[in-house]
Amino acid sequence: MTSGISRRARVLAAAVGTGVLVPLVVAATPAAAAPPAVTCTSAKAGLATKLKKDITAALATRKGTVAVGLYDRSTNTTCTLRASSAYDSASVVKVTVLATLLWDAKKANRYLTDRENTLAKAMITKSDNAATSTLWKQLGMTKIKNFLKAAGMTQTKPGANGYWGLTQITVTDEQKLLKLLTAKNAVLSDNSRAYIVKLMGQVVSSQRWGTPYGVPSGVSVAVKNGWLQRSSNGWRVHSIGAFKGGGHDYVMTVLSHGNSTMNYGIATIQAVAKVIHKDLAAS
C-alpha cells in the first residue's frame with residue numbers, strides 16, 4: 001500500500017537525511033512593494049521636478065505614513081503622495097463641519113445665529129471639541145453626507161456614533177474642500193468662503209504649526225490642524241492650509257499617522273511645508 005507522500009517527496013526527504021545536496025525549486029519571495037512616489041505636474045518649467053525632489057528628500061528619513069497634496073492656481077502646479085489613503089481626521093474635520101453648517105444655512109436662506117457663530121469661532125480658532133460635538137449633533141449625519149456629496153468629497157466617511165474625529169479623510173478630498181474655500185463655486189457662497197478663511201486665519205498662535213511653517217512674508221495664512229493618539233498607528237497629526245500672496249495662490253494638505261509623538265508628526269509636516277513654500281517663492 002502506497003502512502004500519500006509522493007515518490008519525489010520521499011526521495012527529497014531521504015536525500016536531505018543523507019546530506020546529499022538536492023536542487024529545490026523555490027518560489028521567489030516577492031520583494032516588498034516600493035513606497036509610493038511623490039508625483040508633481042506644473043505649467044512652470046522645472047518646478048514640478050524641483051518640488052518632487054525636495055518633498056521626497058524632506059520625507060526620506062521620516063518614520064510614519066505621510067500623505068501630501070499641493071495645488072497652486074498661479075502656476076497650475078499639483079503634487080500628490082498617497083492622495084487616496086484614508087486617515088482618521090482628528091480636528092481637521094472641523095472645517096468640513098463649518099462648511100456644512102454654512103451650506104445648510106444658505107439652502108434655508110438664513111444667516112448663522114449668534115450661538116452658531118460663537119460655536120463656529122471656538123471650533124476653528126481654538127479647536128474646541130465641545131463646540132464641534134454640538135454642531136455635529138445639530139447637523140446630523142444626513143446633512144453632513146449631503147454636503148460631502150455636493151462638494152464631491154466622495155472619499156470622506158463621517159465618523160459614526162458622534163465620533164467626528166474618526167471621520168475618514170483623504171488628501172484628495174481635503175484638497176477639494178480647500179479649493180472650494182479659495183475660489184468661487186456653486187457649493188459655498190462668497191460670504192461663506194470668506195467667513196471660513198477668516199476664522200482659519202485667526203487660529204490661536206499655539207495651533208499655527210504645520211503647513212504655515214516657512215511661509216514667506218506677505219503671504220496670507222489660513223490653517224486648521226488635527227492631532228489624535230490611538231493605540232494603533234500612534235499619533236495622527238495633520239495640517240491643512242491655504243496661502244495667498246507673492247504671486248501665488250495655493251492650498252496644501254499633509255496627513256500623517258504612525259508618529260511616535262505629536263511633536264514628531266509636526267516636525268514631519270513642517271519639513272514638507274518648508275520646501276513647498278521655498279520652491280514656490282523661488283518660482
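The legends below describe close-up views of a predicted model.

**Figure 1. The aromatic pair W103 and F147.** The structure holds 3 aromatic pairs. In one of them, the ring centres of W103 and F147 lie 5.9 Å apart and the ring planes meet at 65 degrees, so the pair is edge-to-face; the cut-off for that class is over 60 degrees. W103 belongs to helix α3 (residues 93-107) and F147 to helix α5 (residues 129-151), so the pair ties together parts that are 44 residues apart in sequence. W103 is buried, with a relative accessible area of 10%. F147 is also buried, its relative accessibility being 0%.

**Figure 2. Packing of helices α3 and α7.** Two packed helices are described by the angle between their axes and the distance between the axes. The axes of α3 and helix α7 (residues 190-200) come within 10 Å and cross at roughly 150 degrees. Angles over 145 degrees count as roughly antiparallel, and α3 and α7 are therefore roughly antiparallel to each other. Their crossing is right-handed. On the α3 side, the contact is made by V95, L98, A99 and L102. On the α7 side, S192, Y195, I196, L199 and M200 take part.

**Figure 3. The charged end of R62 over the ring of Y264.** The distance from the charged end of R62 to the centre of the Y264 ring is 3.9 Å.

**Figure 4. The charged end of K179 over the ring of Y71.** Here the charged end of K179 sits 4.4 Å from the centre of the Y71 ring.

Figure 5. T75 is buried, with a relative accessible area of 10%. Apart from neighbours within four places in sequence, the contacts of T75 are S42, A43, K44, L47, H248 and S283. D249 is 174 residues from T75 in sequence, yet the C-alpha atoms of T75 and D249 are 8.8 Å apart in space.

**Figure 6. T49 in helix α2.** Helix α2 comprises residues 47-59 and includes T49. T49 is exposed, with a relative accessible area of 59%. T39 is 10 residues from T49 along the chain, and the C-alpha atoms of T49 and T39 are separated by 9.0 Å.

Definitions and conventions: Residues are numbered from 1 along each chain as its sequence is written. This is a predicted model: local features need pLDDT of at least 70, side-chain atom pairs count only at pLDDT 80 or more; totals for chains, interfaces and linings use all residues. Side-chain values use heavy atoms; hydrogens and water are left out. Rings of Phe, Tyr and Trp (its six-membered ring) pair if their centres lie within 6.5 Å; planes under 30 degrees apart count as stacked, over 60 as edge-to-face and the rest as tilted. Helices (H or I, at least four residues) and strands (E, at least two) are DSSP runs, numbered from the N terminus. Buried means under 20% relative accessible area, exposed over 50%, partly exposed in between (1.4 Å probe, protein chains only). A charge sits over a ring if NZ of Lys or CZ of Arg is within 6 Å of the ring centre and within 35 degrees of the ring normal. Axes are lines fitted to C-alpha atoms, for helices over the stretch in contact, and angles run from 0 to 180 degrees between N-to-C directions. Angles under 35 degrees count as roughly parallel, over 145 as roughly antiparallel, 65 to 115 as roughly perpendicular and the rest as oblique. A crossing is left-handed if the near helix is turned anticlockwise from the far one by less than a right angle, and right-handed if clockwise. Contact means heavy atoms within 4.5 Å.
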